[in-house]
Amino acid sequence: MASLQASTLLLPSSSSSSSCSRKINAAIHVPNLPKLNFSVPKISTRKQLGEELNIRQDRFMNTLITTTPIEVRSDKSTTIVTTQLYAILEAVADRVEMHANIGAQRDNWNTLLLNSINMITLTAATMAGIAATGGIGMPLLALKLSSTLLYSAAMGMMVIMNKIQPSQLAEEQRNATRLFKQLQTQIQTMLAIETPTQEDVKDVMEKVLALDKAYPLPLLGTMLEKFPEKFEPAVWWPSNQVQKKNKGKQCNTPRDNNGWSEELEMEMREIIQVVKRKDIEDYVRLGNLGLKINKVLAISGPLLTGIAAVGSAFVGNGSCAAIVAVAAGALASVVNSFEHGGQVGMVIEMYRNCGGFFQLMEESIKATLEERDLEKRENGELFEMKVAMKLGRSLSQLRELARKSSTSSHVDEFASKLF
């Protein structure tokens, strides 16, 4: 190292001095290092690299082709079912609006026709009375003719009104609106917390069509019979609905039995008995009574108006004709007011709807109890809570009612506290 530094320092001076011819030689001795063998990896050529990339790409595409279509098919099926349910939901929302609007329109029909017929009838009775007070000649003829025409018009309008029963039509549309709103909520719940299937779409469509049949919109051709031979509760659910398996929260623990027990099954059977003996029987009795009263009123109104029209045509020839014309017209106005002002048709439709409600409950409980596989039933505790809520009772009140029914064949109270 010292010799290297000396040569470095002396080298500039020797090169810059022209007089010095002395040469300094420096020797550097480097020790011999041992040979080391390094294994350098072989670098792939461009051709080999391309072949390897092609092989890997083929493997990736084969894997993608094998696995991807299954997931895409599942997502596509779910998307189609969801889209179908949303389409049905839009149709249901449209039906809710239609039934609400038509219900309000037919309620207006009831009010307007009632007031118009009563005004026409009372005006005709007044003219008949004026004609009987001493009219002669042309004034008498004009009063008689006007009174007869007004009575005849009132009779025709009364026949049409009694045939279609606007108050009952309005109640039908109100019930349809409520039931379609209920179905709308069920579809929204299904889309929110469940995974719908094609079977759910089919069930929802059947429910929509059953409601359309139970509460038709047109008056001609499909209007419900307002004066049937026998009173029957309304049916707005598909005929096979109660036969289908219930869907609910199920428990896989064998000990739990999906919330069902012998006591709960006995309780549900006793509730069915109370509903049949008290609620359904009472509403059928009241429905038959209301139907008979409505038939009598529907016949009496136009009949009294026709008698008044005939009597008004003979006013002036004797006092009895004037009495018949005025009295019959007044009675016709009273009957019409009692029938349509009291909305007897609406009351009958309310009884039909209540009877259908209890009939649906009875069929649902029976279908649930007939299912022997407990895991296929709706959860027992949830089912009991739904029944209690539909009857307007707490769980303790529902169990107390079942206990009373099991110990005594005669129960004073009704199963439902709502209506």
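## Overall fold

The chain has 10 helices and zero strands, giving the pattern α-α-α-α-α-α-α-α-α-α along the sequence. Helices here are DSSP runs of H or I with at least four residues, strands are runs of E with at least two, and both are numbered from the N terminus.

This is a predicted model, where local features need pLDDT of at least 70 and side-chain atom pairs count only at pLDDT 80 or more, while totals for chains, interfaces and linings use all residues. Residues are numbered from 1 along each chain as its sequence is written, and side-chain values use heavy atoms, leaving out hydrogens and water.

## Surface and contacts

Of the 419 residues, 35% count as buried (under 20% relative accessible area, with exposed over 50% and partly exposed in between, using a 1.4 Å probe and protein chains only). The accessible surface of the chain is about 25800 Å², and 61% of that belongs to carbon and sulfur atoms; the areas come from the Shrake-Rupley method with a 1.4 Å probe.

Take the contacts (heavy atoms within 4.5 Å) between residues at least 6 apart in sequence: 84% of them join residues at least 24 apart.

## Helix 8 and its partners

Helix 6 (residues 262–313) and helix 8 (residues 344–370) have axes that come within 9 Å and cross at roughly 160°. Helix 6 is therefore roughly antiparallel to helix 8 (a label for angles over 145 degrees; under 35 is roughly parallel, 65 to 115 roughly perpendicular and the rest oblique). The axes are lines fitted to C-alpha atoms over the stretch in contact, with angles from 0 to 180 degrees between N-to-C directions. The crossing of helix 6 with helix 8 is left-handed, and their contact has 15 nonpolar, five polar and six charged residues.

Helix 4 (residues 166–193) also meets helix 8, with axes that come within 7 Å and cross at roughly 35°. This crossing is right-handed. On the helix 4 side, S167, Q168, E171, E172, R174, N175 and R178 meet G345, M346, E349, M350 and N353 of helix 8. By class, that contact has two nonpolar, five polar and five charged residues.

## A look at L113

Which helix holds L113? L113 lies in helix 2 (residues 46–132), and counts as partly exposed because its relative accessibility is 24%. Beyond its neighbours within four places in sequence, L113 is in contact with M157, M161 and P166. L113 and A154 are 41 residues apart in sequence, with 9.9 Å between their C-alpha atoms.

Definitions and conventions
Left-handed = near helix turned anticlockwise from the far one by under 90°. Nonpolar A, V, L, I, M, F, W, Y, C, P; charged D, E, K, R; others polar.
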